[in-house]
Amino acid sequence: MARLLHLSDLHAVATGTRASGVLDTNDLLREAIDALSGRLTAIGRIDAVLVTGDISDDGSAESYAIAKAQLARLGLPLLAIPGNHDRRSAFRDAFADTAPMPDDGPLDWIAEVAGTRIVGLDTLVEGQGGGLLRARTLDFLAEALDRSQGKPVVVALHHPPLRTGIRFMDAIGLDNAEALEGILRRHDGPLWVLAGHVHGVYHCMLGGHPVVTAPSTCSAFVFDQREEAPVGFMLGPLGFGMLDTAPGGVWTACPLVMADGPYGF
Ligand SMILES: [Fe+2]
């Protein structure tokens, strides 16, 4: 069964620029990979790194090259799907060597990792923050599940099929979560939905299967459900997820930086 590192929302930029004019996300990604590299021995075997979108902040070819070079330092197979900040053409050029991607349209793919079927779905609508599962992508998922032959399945998409209650994030959420629910409900094997976009840890059930979102490596949003909640991002906490698809295996979210310790009990 597969043990996957779940990274999300790296927001890499072209050299000399910053995300939102503020964040040196390339430096934050380098620090994140440094931290992860130092913890891989403790985490144990990892079969692949799965990045659930917003690999780039500006969609530039250079930002993808930078992100890929940093991720390569982990020395692990890489899988990635686009988020709302990505640009499909540049994304395809950068990641077509990681999974079989179509030459046009949504970048949906299937990868088999250590006995687990991973289905990457493209929710990107270029030019807007919100996401959508197109008919072609929904058909792709339904067929991928039909042919999964009882293997554990991981469905990866950027926009999670949930509402956080954070108004400005829910306003750019997934348009048609109910279409995804209809397909998932017909599948009765072990299945996890892994997503990003909300730069924090959220969980819900959809069609009888768990949905989880990973923290970002560069910024976070305050869990503030008030209508007047300030709009913007925080500098942390930053983190990553890890999923073990074995029976009884966990998905967990870990901060990149731990507090002091351990202290004896
Ligand atoms: Fe993001």
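**Figure 1. A cis peptide bond at Pro262.** Pro262 is placed in the segment after strand S11 (251-255); helices (H or I, at least four residues) and strands (E, at least two) are DSSP runs, numbered from the N terminus. The peptide bond joining Gly261 and Pro262 is cis, with omega of about 0°. This is a predicted model, in which local features need pLDDT of at least 70 and side-chain atom pairs count only at pLDDT 80 or more, whereas totals for chains, interfaces and linings use all residues. Residues are numbered from 1 along each chain as its sequence is written, and side-chain values use heavy atoms, with hydrogens and water left out.

**Figure 2. A cis peptide bond at Pro237.** The bond from Gly236 to Pro237 is cis, and its omega is near 5°. Pro237 belongs to the loop between strand S9 (209-213) and strand S10 (239-244). Most residues other than glycine have a negative phi, and most peptide bonds are trans.

Figure 3. Asp9 is not a glycine, yet its phi is positive, about 55°. Asp9 occupies the loop between strand S1 (3-7) and H1 and is buried, with a relative accessible area of 0%. Buried means under 20% relative accessible area, exposed over 50%, and partly exposed in between (1.4 Å probe, protein chains only). Ala114, also not a glycine, has a positive phi of about 45°. Ala114 sits in the loop between S4 and strand S5 (116-120) and is partly exposed at 37%.

**Figure 4. The salt bridge of Asp27 and Arg30.** A salt bridge is a side-chain nitrogen of Lys or Arg within 4 Å of a carboxyl oxygen of Asp or Glu. For Asp27 and Arg30, the N to O distance is 2.8 Å. The two residues are three apart in helix H1 (residues 25-43), so about one helical turn separates them. Asp27 is partly exposed at 30% relative accessible area, and Arg30 is partly exposed at 32%.

**Figure 5. The salt bridge of Asp97 and Lys68.** The closest N and O atoms of Asp97 and Lys68 are 3.0 Å apart. This pair links distant parts of the chain, 29 residues apart: Asp97 is in the loop between helix H3 (88-95) and strand S4 (109-113), and Lys68 is in helix H2 (residues 61-72). Asp97 is exposed at 60% relative accessibility, while Lys68 is partly exposed at 23%.
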